[in-house]
Amino acid sequence: MCGACPADLPSGANGRGKVYSLLGAPNKLALRTGDNMRLDFTCVIAVLAVVVSTPAEAQKQDQIRLNQIQLIGSHNSYHAGLAPSEAVLLRKSDPKTADTLDYRHPALDVQLANGVRQLELDIFADSKGGRYANPAGLRMVSQAGLPADAPYDPEGLLKKPGFKVMHMQDIDYRSNCQPFTGCLGVILGWSKAHPGHLPIFILVESKEGEPERDFQVVPEAFTPAVFDAVDQEIRSVFPRSKIITPDDVRGQHATLEEAVLTSGWPSLESARGKFVFLLDQRKAGPAYLQGHPSLKGRVIFTNAEPGSPDAAFVEVNDPLKDPALIPSLVRKGYLVRTRTDAELEQARAGDVKQRDAALSSGAQILSTDFPFQERATWTGYAVSFPEGTIARCNAVAKPSNCTAQRLEEPK
């Protein structure tokens with residue numbers, strides 16, 4: 001810094017009342033002070049560099065980032081609930097499980113219209129088709145002499161190859177959309193009809209492992225090749241321009257984590273009308289990462305352990321267990337999903353402690369079985385923002401320029 005620049009002038013009595021003005025001439029630029037002090041061209045440029053930024057820099061500073069807002073999502077968004085006779089049968093054999101399954105969501109596009117901006121789809125691999133087309137629950141209802149429920153899969157969609165969407169094979173298998181590509185098509189259709197919407201997060205849970213009951217079909221394993229097929233199905237529905245991928249966020253950084261902790265997430269404006277896919281189960285990460293270090297070439301962000309090369313998205317489903325954890329992750333730059341309620345416990349009791357902790361935690365994605373108008377019948381429990389909006393500025397990661405108006409969607 002030059003010796004006589006204004007930043008270096010006294011701030012005490014001798015410096016009060018100074019007036020600075022720029023004087024220009026064809027071949028000379030100087031700055032005159034109240035003491036008639038003249039500063040050279042280099043000093044003036046130094047001053048200007050401090051107080052004037054380029055339009056690009058100013059625009060960047062004015063941006064709200066994707067991770068600087070809060071949104072509400074639905075847990076098991078596809079869940080259509082048990083049919084009447086199926087519910088009766090399950091309640092007789094396993095009343096505790098029946099209690100946890102007593103909820104249902106409307107169609108995906110209805111949820112989006114109501115303000116939900118995170119959807120969850122549980123998928124089962126079905127490479128040959130038909131693996132889940134004849135659930136044991138249907139046979140058991142008939143064998144018990146109970147009235148027949150509504151037809152299951154009347155269009156025969158489950159007989160075709162491709163990923164299927166459901167909660168528990170043979171027990172809780174009714175969904176408001178089918179198959180996986182069909183569900184994605186509903187979501188994309190709503191998006192096209194509402195350009196400029198806030199980014200929508202789609203949480204994908206890969207269902208596999210040994211079944212809990214001997215009458216249940218054994219699911220196919222999610223190998224790296226099966227995850228390749230998941231990416232392919234997503235790409236078959238969504239144009240590349242509608243997806244924010246790990247490659248987009250990583251940019252020129254060595255790892256995805258380095259990118260989100262330094263350069264940060266894309267701007268909210270650039271993310272409008274787009275989708276971010278997230279992988280629910282942390283245990284699924286290694287198979288999804290195989291052959292794709294730091295998620296290079298992949299569509300979905302893994303639920304990763306902080307400190308891992310692929311760490312950008314982290315799930316902390318209980319905001320009460322360690323109240324300081326979520327805020328610390330959010331401040332660092334991670335995208336965090338938490339749950340406001342689980343297993344219908346809070347909804348049945350009208351207990352809002354976990355909900356309120358989630359709201360104040362700074363987690364960007366708040367997942368619930370009862371978003372907005374979908375109130376619990378027992379207590380009226382539901383999750384919404386006090387401001388009455390579908391999104392709000394993040395209280396933990398909020399930039400100073402974030403306002404409710406800037407988060408609004410086109411009418």
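Select G333 first, together with the residues that it touches: leaving out residues up to four places away in sequence, these are N67, V260, L261 and W265. Contact here means heavy atoms within 4.5 Å. G333 is found in the loop between α13 (325–332) and β11; helices (H or I, at least four residues) and strands (E, at least two) are DSSP runs, numbered from the N terminus. At 7% relative accessibility, G333 counts as buried. Buried means under 20% relative accessible area, exposed over 50%, and partly exposed in between, with a 1.4 Å probe and protein chains only.

The structure is a predicted model, in which local features need pLDDT of at least 70 and side-chain atom pairs count only at pLDDT 80 or more, whereas totals for chains, interfaces and linings use all residues. Residues are numbered from 1 along each chain as its sequence is written, and side-chain values use heavy atoms, with hydrogens and water left out.

**The whole chain**

The protein has 15 helices and 13 strands. Of its 411 residues, 51% count as buried. Among contacts between residues at least 6 apart in sequence, 71% join residues at least 24 apart.

**Two packed helices**

Next select α7 (180–193) and helix α8 (residues 224–237). Two packed helices are described by the angle between their axes and the distance between the axes. The axes of α7 and α8 come within 9 Å and cross at roughly 35°. Axes are lines fitted to C-alpha atoms, for helices over the stretch in contact, and angles run from 0 to 180 degrees between N-to-C directions. The crossing of α7 and α8 is right-handed; that is the term if the near helix is turned clockwise from the far one by less than a right angle, and left-handed is the term if anticlockwise.

Show the side chains at this contact: F180, T181, L184, G185 and L188 belong to α7, and V230, E233, I234, S236 and V237 belong to α8. By class, the contact has 6 nonpolar, 3 polar and 1 charged residues. Ala, Val, Leu, Ile, Met, Phe, Trp, Tyr, Cys and Pro count as nonpolar, Asp, Glu, Lys and Arg as charged, and the others, Gly among them, as polar.

Centre the view on T181 in helix α7. Is T181 buried or partly exposed? T181 is partly exposed, with a relative accessible area of 27%. Apart from neighbours within four places in sequence, T181 is in contact with E233, S236 and V237. The C-alpha atoms of T181 and E233 are separated by 6.4 Å, although these residues are 52 apart along the chain.

**Backbone details**

Most residues other than glycine have a negative phi, and most peptide bonds are trans. Select Q178 and P179: the peptide bond from Q178 to P179 is cis, with omega near -15°. P179 is in the loop between β6 (164–165) and α7.

Move to N76, in the loop between β4 (69–74) and α3 (84–93). N76 has a positive phi, near 50°, and is buried at 2% relative accessibility. F372, in the loop between β12 (365–368) and β13 (391–393), also has a positive phi, of about 50°. At 13% relative accessibility, F372 counts as buried.

**Pockets and a cavity**

Select H167, M168, E205, K207 and E212, which lie nearest the centre of the largest pocket among its 34 lining residues. On a 1 Å grid over the protein atoms alone, a pocket is an open set of points with protein on both sides within 12 Å along at least five of seven lines, a cavity is a set where a 1.4 Å probe fits but cannot get out, and lining residues have an atom within 4 Å of a point. About 800 Å³ of space lies in the largest pocket; grid points are joined across faces, edges and corners, and a volume is the space filled by probe spheres set on the points. The lining has 7 nonpolar, 11 polar and 16 charged residues. β5 gives the largest share of this lining, 3 residues.

The second largest pocket holds about 430 Å³ of space. Of its 17 lining residues, select I390, E408, E409, P410 and K411, the closest to its centre.

Finally, select R131, Y132, P135, Y152, M166, Q169, D170, Y173 and V217, which line the largest cavity. About 40 Å³ of space lies in this cavity.
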